[in-house]
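Here is a short briefing on a two-chain model, arranged by topic.

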Amino acid sequence: MQASESERLLALRNYEILDTPPEAVFDDLVRAATRTLRAPIAVISLVDEQRQWFKACVGLDVCETSREVAFCDHAIRQDAVLVVPDAEQDDRFRDNPLVTGAPAIRFYAGAPLKTPDGARIGTLCVIDFQARHDFDDHCVGIIEALAKAVMSAMTMRIELRRQRLAESRLIASEEAARLLSDELRQVIDTVVDGVLIIGEDGRIAAVNPACEKMFGYSGGTLKGRSASMLIPVTFEHEFARMQLAPPPPGAEKDGPAGREVMARRSDGTEFPIEFSVGAMRKSAVSGYVTVVRDITERKVIDRMKSELISTISHELRTPLTSIKGSIGLIRSGVTGIIPTESSRMLDIAHNNCNRLIRIINDILDIEKISAGMMAINSESVNLASLLTESVTDGKAYADQLNITLVVAEVDSRSVVYADRDRLMQVLANLISNAVKFSNPGGRVEISLDRGDLGYRVSVTDHGPGIPAEFRDRVFSRFAQADASDTRRKGGTGLGLSIAKSIIEQHGGALGFETEAGRGTTFHFEIPDGRGDDGSAAAVRPAHAVMSRRTLKSANITPPVDRAQPVRSL
Amino acid sequence: MSRVRLLHVDDDSDILELVTYSIRLDPLFEVRCAASGAAALACLGAFTPDVILLDVMMPSMDGRQTLEAIRQLPEHVATPVIFLTARAFREDNARLIALGAKGVITKPFDPMTLARDIRKILAD
């Protein structure tokens, strides 16, 4: 019975009616009960855990009593109407304080208030100060009907309240959404970048003021017009690409971030922008959000910086030419016999001249890569002969450090379509690195295999390996495992960064494996074939190709220096 | 081995001296120097070189303009010109060749092989 009492209390609480103010419908019902059943008192009593609480009441001044003395507590124990014609004659109520004292109840009739699940949560009851024996079936019928009416009113009341609550919550959330969208709108209107929302049809659905200003339009005139009007060619390509190959579900960003292209203003002038496109798929409107930034100023600064670096680098070469040339002549002995001690000093000067030249060359390369200006002059390159040549070039430096260069047997028909000089540059860098980081008397192995992308060239040393904390930064510019290395090993810290860019420009990949105390293998893969697969060919420049043969015949020093950075050390 | 008369044009006097010294390691070279494009043009009246070694970046009249002016002289329409440049980019070299130069040598050059390098370009 305990369980059903707790269920009953739960059912009662569900009506959310306890301790609420009087309501007309219930007041009307108790008034109707007093009239139809000709009783001075009528009550809608809800039996709580410790008390009975009156939602409506006629003829009594209290609004609750303790449950112990409540007649209604008896009424809810049965399904039928409890009729007590004379409380003084009833053993259950004879000693009840409400009978012995005020208000001196004599007659009671209570109909249980039953929920649809059968829980009796209270009563509608009528009470009299005198005993009554006239409460017949007709009266029982009336009080039962009134009790049902009370329950209906309670049910309707709670449903109405819940509905209103839901409505008010909905209004609140709509208001919150409106505020949020106002806020978003403000953010979009305030940002200095241009924001364009483009529909599936490629037409402009919305723009922010920054965008209008950037392109020289005003007053919403852009809406409905084709987006390719602003970003000619590129946008059409970008748009087609995204429609053809939509990113996988859940992908947050779609377009490549920060693409630099030319855009067109309303007056027809062109200017450089950086833009990124994201597809809206989760929202009700599908389309594309494009963020556009005017980079005219940045481009000017970039160009100035580029020119400055280029000028400084070239200006440095002229005095270096004099220094290096003079030292070279002295060292060769044509100017006279050199004392042994001077000879060593001249070697130091000569080596550091070469080092300065390498640094300048590397800085120029990095500058070209940053500016996207590094041209790849592709031709058919036989990898076997390239490997042999690079080993021949690197041998002098390897001999100095007592390192043996070993080339594994390679297929002499391995041909790639690539820039021979640039590949030599990469190989020279990898080999000189491997030599640098080998233990004296060690071996550096160079091999050629098939890889995932095409041919794979590996250069392996058996040195100390790359420290774990440095591995993430191997390809960063000016990266050196520790500062003291620069002096000892004489690198610029730019070589691997340049090598990676060169290989990537060929559509390949450069990576490494390393183990502490066991050594390191750097390897690059490069697509094979003659470029008709669109990979290597895509980077073939339109302008004149200067082959290595031409360079060699001219015996131009810097490229040879770069290809053989180790010989002069 | 034949005799080669060479005119070297460079605004940097140290480079002029160094190049002269280097080239004279080959006794069959006869070297004349000019410190500017204008000086080179003036020199061409009295001296008929077999090859002109021309610096690119010079004040007032740069190497390109000098080459253009040389080509205006009927007797030097075909005189081989080799640029000696401090710009190391291959693209620059290709552009210089396209201007009508016979070859390009970049700074820093190897003084011990300079004469040989020039002979090699002339033989091509």
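**An enclosed helix in chain A**

Helix α13 (residues 495-505) of chain A is largely enclosed by the rest of the structure, because nine of its 11 residues are buried. The model is predicted.

- The buried residues of α13(A) are A:G495, A:L496, A:S497, A:I498, A:A499, A:K500, A:S501, A:I502 and A:I503.
- Among the elements that cover these buried residues are the helices α9 (340-370) and α11 (420-436) of chain A, together with β17 (509-515) and β18 (519-526) of chain A.
- After α13(A) comes A:G507, which has a positive phi, near 80°.

**Strands β4 and β5 of chain B**

- Strand β4 (residues 81-85) of chain B runs parallel to β5(B), and four bridges join the two.
- One of the residues involved is B:I82, whose bridge partner in β5(B) is B:G103.
- In a regular strand, side chains alternate between the two faces of the sheet.
- In strand β5 (residues 103-106) of chain B, B:G103 and B:I105 point one way, while B:V104 and B:T106 point the other way.
- All four of these β5(B) residues are buried.

**Helix α4 of chain B**

- Within helix α4 (residues 90-98) of chain B, the residues B:R90, B:N93 and B:L96 are buried.
- These residues lie on the same side of α4(B), because they cover an arc of only 115° around the axis.
- The cover over the buried residues of α4(B) includes β4 and β5 of chain B.
- B:G100 follows α4(B) and has a positive phi, near 110°.

**Where chain A meets chain B**

- The two chains touch through 26 residues of chain A and 30 residues of chain B.
- On the chain A side, α8 (296-332), α9, α14 (548-554) and α15 (557-563) each supply at least two residues.
- α8(A) gives the most to that side, with 12 residues.
- By type, the residues of the side of chain A that touches chain B are 11 nonpolar, 13 polar and two charged.

**The packing of α8(A) on α1(B)**

- Two packed helices are described by the angle between their axes and the distance between the axes.
- For α8(A) and helix α1 (residues 13-23) of chain B, the angle is about 35° and the axes are 10 Å apart.
- Their crossing is left-handed.
- α8(A) makes the contact with A:T318, A:T321, A:S322, A:G325, A:S326 and A:L329.
- α1(B) makes the contact with B:D14, B:I15, B:L18, B:Y21 and B:S22.
- The residues of this contact between α8(A) and α1(B) divide into four nonpolar, six polar and one charged.

Conventions
Residues are numbered from 1 along each chain as its sequence is written. Chains are lettered from A and ligands numbered from 1 in the order in which they are written. This is a predicted model: local features need pLDDT of at least 70, side-chain atom pairs count only at pLDDT 80 or more; totals for chains, interfaces and linings use all residues. A residue is buried if 20 or more other C-beta atoms lie within 10 Å of its own, exposed if 12 or fewer, and partly exposed in between; C-beta atoms are placed from the backbone. Two residues are in contact if their C-beta atoms, placed from the backbone, lie within 7 Å. Two strands pair if DSSP finds at least two bridges between them. The arc is that of the directions from the helix axis to the C-beta atoms. Ala, Val, Leu, Ile, Met, Phe, Trp, Tyr, Cys and Pro count as nonpolar, Asp, Glu, Lys and Arg as charged, and the others, Gly among them, as polar. Axes are lines fitted to C-alpha atoms, for helices over the stretch in contact, and angles run from 0 to 180 degrees between N-to-C directions. A crossing is left-handed if the near helix is turned anticlockwise from the far one by less than a right angle, and right-handed if clockwise.
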